[in-house]
Amino acid sequence: MLGLMQDWPLLIHRVIDYAATQHPHRAVISRSVEGPMRRTTYHDVRLRALKLAQRLARDGVKLGDRIGTLAWNTDRHLESWYGITGIGAIYHTLNPRLFEEQLIYIANHGGDKMIFLDLTFVALAEKLAPHLSAVERYVIFTDAAHMPKTTLKNAVAYEDYISEVDGDFQWREFDENTAAGMCYTSGTTGHPKGVVYSHRSNVLHAMSVMMPDSLCLSSRDTVMPVVPLFHANSWSLAFSAPMAGATLVMPGAKLDGESVFNIIETENVSVTAAVPTVWLGLLQYLESTGQRLTKLKRVAIGGSACPRAVTEAFEQKYGVEVIHAWGMTEMSPIGSFCTLKPEVADLKGTALYDLKQKQGFAQFTVDMKITDDDGKILPWDGKTFGRLKVRGPAVSKAYYGLDEAILDNEGYFDTGDVATIDEHGYMNITDRAKDVIKSGGEWISSIDLENVAVGHPDVAEAAVIGIAHEKWGERPLLIIVRKKDRQPTKEDILKFIEGKIAKWWMPDDIVFVDDIPHTATGKISKKNLRDKFKDFRFS
Ligand code: ADP
């Protein structure tokens, strides 16, 4: 017997319809690429998304067509997602921080028919365009007054583009499993791989991120996704913030510590999210200026392990709750949040921050297990580590255009991470499988070592890689960027680390560098570091 409930497919346009109905005047505020702040509402975002959908339909864009976006977090970028998906076309985010060859590969492999882009990226797009033969038109997120001279094919200002229609348009209806968005993983080896989100997966994932033990979003929040829309759906915030009816602040192109601080304070941001590098920048700005955060309540930190010093500074100095989160592009992207279950709610001091170093427990819709290399399930004892595997309605089952099977026989996807899970379900990433340092048959977590090192008051950033070692196979090399005008020595740092980790984890050497390379999603690029130090030998 089937249930007798209505068939109401989980389509993305329902999110903006809901926001525009229940929260029509809630503000959507953006730092525009042209400079000034732009203020709009969910009512207007929906109206303009409808206009875009109507215009796209008039141009012959149809169900399943891919449309690239090369843009910062702004209201225009946001409404383009709703407009594109509202006719069953697919937004395909292009990460401008990738190399040109990667972008060309990704846009061609994804089959992009049009590209929407910010003014900032016109020059970049002009370089890519000769290699993107399938792209028929470029729409620039600006108005006629700011429209640059460009060689881009059929280039048009977004405001002109949507002004030619009146918005009297119905969203298209289709199956909730229809593709909605595409995002390619950075692909540290081989070509980037295309992850394809569906309407259903985006809606379910956004709901799971709103929940109280996740980001706990409500209409009383002002949410700012610093994490870009091109980094795995900005961790759902493009959907979950309107779903919650929260005020939305889009920070545009300025993501340095000072700009992030200013927008948090002037726009009363209560919840924000980004990778640790952004927060290191903000905390350094606060430290050097003596400014205080007066509005922020919660900050979600993920994408790579959140250093303990960052969690402690936010919570103890500035009274901001840190929610450590973990996920990956293939998971829409979030798979766990470190919020406090009653079992751990009484923890204080060191024990509390030990827990907050963990990546947290899976939210509803994510099943998690750890296994050995043969697929045997390992216990949740907080000590045994194994390959972390996940499944759920917002987890990938295949990559776009690739035949390879990526699920085990129980339907789990191997994340490529190594982790422990404790008796309360809190998962802790030891390392990415490929970054873990294998010393004498035992494993050293590069994440743990980096975490301790970055706690030194003179250290701005730290990375650990394994260097070949005759006797042990591999030993850790610690690479450090010092804070401005600080000169800690190797001995200072070794002394600071000693006692905080097992003796045999102590780095065999430390090198100081001016900067550490980052990936296109703002993480430390271990691959580049390994290349750079490939001839390094411990003396
Ligand atoms: P990319 O590496 O291309 O940016 P993803 O954003 O999909 O792609 O990266 C996912 C990976 O990032 C995870 O598999 C994990 O290794 C790492 N990661 C994400 N969040 C955390 C976290 N909180 N702690 C440690 N590692 C994390």
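Select Arg-76 and Glu-34: their side chains meet in a salt bridge, 3.2 Å from N to O. The pair links distant parts of the chain. Arg-76 sits in helix H3, residues 75-85. Glu-34 sits in the loop between strand S1 (27-31) and strand S2 (37-41). That puts the partners 42 residues apart. Keep in mind that this is a predicted model.

Now colour the two by accessibility. Arg-76 has a relative accessible area of 5%, so it is buried, since buried means under 20%. Glu-34 is at 23% and counts as partly exposed.

Side chains of opposite charge can pair when their charged atoms come close. How many salt bridges are there? The count comes to 34.

Go next to Asp-408 and Lys-369. Their side chains form a salt bridge of 2.9 Å, N to O. Asp-408 lies in the loop between strand S17 (386-391) and strand S18 (413-421), and Lys-369 lies in strand S16 (residues 367-371), so the pair ties together parts 39 residues apart in sequence. Is Lys-369 buried or exposed? Lys-369 counts as buried, at 5% relative accessibility. Asp-408, at 24%, counts as partly exposed.

Stay with S17 and S18. Select Arg-387 and Asp-414, whose side chains meet in a salt bridge of 2.8 Å, N to O. Arg-387 is in strand S17 and Asp-414 is in strand S18, 27 residues apart. Arg-387 counts as partly exposed, at 29% relative accessibility. Asp-414 is partly exposed too, with a relative accessible area of 27%.

Then select Glu-34, Arg-38, Arg-48, Asp-75, Arg-76, Glu-79 and Glu-159. Salt bridges that share partners join these residues into one network. The opening pair, Arg-76 and Glu-34, belongs to this network.

**The nonpolar cores**

In soluble globular proteins, nonpolar side chains tend to be buried together. Here the largest nonpolar core has 138 residues. Which members touch the most others? Show Leu-56, Phe-116, Leu-117, Trp-279, Leu-293 and Phe-314.

Zoom in on Phe-116. Set aside residues up to four places away in sequence, and Phe-116 touches Leu-52, Leu-56, Ile-67, Gly-68, Thr-69, Leu-70, Ser-80, Val-139, Phe-141, Tyr-158 and Tyr-161. One of these contacts, Leu-56, is itself on the list of members that touch the most others.

Now find the second, separate core. This core has 17 residues, including Val-454, Val-459, Leu-478 and Ile-501.

**Two helices**

Select helix H1 (residues 13-22) and helix H8 (residues 237-244). They pack at an angle of about 35°, with their axes 8 Å apart. H1 passes H8 in a left-handed crossing. Which residues meet? Val-15, Tyr-18 and Ala-19 come from H1, and Phe-239, Pro-242 and Met-243 come from H8. By class, this contact has 6 nonpolar, no polar and no charged residues.

**Last stop: Phe-230**

Step back from H8 into the loop between strand S10 (222-225) and H8, where Phe-230 is found. Phe-230 is buried, with a relative accessible area of 3%. Show its surroundings. Leaving aside neighbours within four places in sequence, Phe-230 is in contact with Ala-71, Trp-72, Thr-93, Leu-94, Asn-95, Pro-96, Arg-97 and Cys-183.

Finally, draw a distance from Phe-230 to Leu-117. C-alpha to C-alpha, the two are 12 Å apart in space, though 113 residues apart in sequence.

Note on methods:
Residues numbered from 1 in each chain as written. Predicted model: local features only at pLDDT ≥ 70, side-chain atom pairs only at ≥ 80, totals over all residues. Heavy atoms only, no water. Salt bridge = Lys/Arg side-chain N within 4 Å of Asp/Glu carboxyl O. Helix = DSSP H or I, 4+ residues; strand = E, 2+ residues; numbered from the N terminus. Buried < 20%, exposed > 50% of the residue type's maximum accessible area, 1.4 Å probe, protein only. Core = buried A, V, L, I, M, F, W, Y, C linked by side-chain atoms within 4.5 Å. Contact = heavy atoms within 4.5 Å. Axes fitted to C-alpha atoms, helices over the stretch in contact; angles between N-to-C directions. Left-handed = near helix turned anticlockwise from the far one by under 90°. Nonpolar A, V, L, I, M, F, W, Y, C, P; charged D, E, K, R; others polar.
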